[in-house]
Structure formats: structure tokens, C-alpha cells
Amino acid sequence: MIKLKKTCIKCKKDIIDNELHKIVIYIVQEKFTEHHYEHVECPDRFTI
């Protein structure tokens with residue numbers, strides 16, 4: 001099995017498999033154009 005490296009587009013950090021993340025897919029005129037991943041909550045954006 002090949003592990004794809006996922007990088008958050010917002011904070012540019014790697015997304016580890018067990019971290020919550022989402023895939024953002026762009027479809028233009030019913031054609032898949034591109035996609036990227038981002039953390040559901042970026043580590044840099046956590047508030048305490």
C-alpha cells in the first residue's frame with residue numbers, strides 16, 4: 001500500500017493519518033480539476 005503524503009494547504013504542515021482533515025475538491029464544468037487537503041482545525045489556529 002502506498003502512503004500519500006498529505007500537506008495542509010493552510011498551515012503547510014504534514015497531515016498525519018490520525019489527524020482530522022478534509023479533502024477539498026474542485027470540479028469545473030463537471031470535470032475534476034484539482035484537490036488539496038487541509039486540517040479541519042489547523043494546529044496553528046488552535047485557541048486555548
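Me: Let's start with His35: buried, partly exposed or exposed?

Reply: Partly exposed, since His35 has 37% relative accessibility. The cut-offs are under 20% relative accessible area for buried and over 50% for exposed, with partly exposed in between (1.4 Å probe, protein chains only). Bear in mind that this is a predicted model: local features need pLDDT of at least 70 and side-chain atom pairs count only at pLDDT 80 or more, while totals for chains, interfaces and linings use all residues. Residues are numbered from 1 along each chain as its sequence is written, and side-chain values use heavy atoms, with hydrogens and water left out.

Me: OK. Where does His35 sit, and which residues is it in contact with?

Reply: His35 is in strand 4. Strands here are DSSP runs of E with at least two residues, and helices are H or I runs of at least four, both numbered from the N terminus. Skipping neighbours within four places in sequence, His35 is in contact (heavy atoms within 4.5 Å) with Ile23, Val24 and Ile25.

Me: Zooming out, how many helices and strands does the chain have?

Reply: Zero helices and four strands, so from the N terminus the order reads β-β-β-β. Of the 48 residues in the protein chain, 19% count as buried. Among contacts between residues at least 6 apart in sequence, 34% join residues at least 24 apart.

Me: And what's the accessible surface of the chain?

Reply: About 4500 Å², with 57% of that belonging to carbon and sulfur atoms. The areas come from the Shrake-Rupley method with a 1.4 Å probe, and for residues only the protein chains shown count as cover.

Me: Which residues make the nonpolar surface patch?

Reply: Ile23, Ile25, Ile27 and Phe32, covering about 410 Å². A patch takes residues with over 30% relative accessible area and no salt bridge, joining nonpolar side chains (Val, Leu, Ile, Met, Phe, Trp, Tyr) within 5 Å and like charges within 9 Å. Strand 3 (residues 21-28) gives the largest share, three residues. Phe32 belongs to strand 4 (residues 31-39) and is exposed, at 51% relative accessible area.

Me: Now the inside. What makes up the largest nonpolar core?

Reply: Five residues: Cys8, Cys11, Ile15, Tyr37 and Cys42. Such a core is a set of buried Ala, Val, Leu, Ile, Met, Phe, Trp, Tyr and Cys residues joined through side-chain atoms within 4.5 Å. Leaving out neighbours within four places in sequence, the contacts of Tyr37 are Lys6, Thr7, Cys8, Ile9, Ile15, His21, Lys22 and Ile23.

Me: Several cysteines in there. How many disulfides turn up?

Reply: Zero in the whole structure. A disulfide is a covalent bond between the sulfur atoms of two cysteines. The search needs a pair of cysteine sulfur atoms within 2.5 Å.

Me: Switching to charges: how many salt bridges?

Reply: Three, where a salt bridge is a side-chain nitrogen of Lys or Arg within 4 Å of a carboxyl oxygen of Asp or Glu. One of them pairs Lys5 with Asp14 at 3.6 Å, N to O. Lys5 is exposed at 67% relative accessible area, and Asp14 is partly exposed at 41%.

Me: What does Glu38 do with Lys10?

Reply: Their side chains meet in a salt bridge at 3.3 Å, N to O. Glu38 is in strand 4 and Lys10 in the loop between strand 1 (6-7) and strand 2 (14-15), so the pair ties together parts 28 residues apart in sequence. Glu38 is buried at 8% relative accessible area, whereas Lys10 is partly exposed at 42%.

Me: And which partner does Glu38 have in strand 3?

Reply: Lys22, with the closest N and O atoms 3.3 Å apart. Glu38 lies in strand 4 and Lys22 in strand 3, so this pair ties together parts 16 residues apart in sequence. Lys22 is partly exposed, at 37% relative accessibility. Through shared partners, Lys10, Lys22 and Glu38 are joined into one salt-bridge network.
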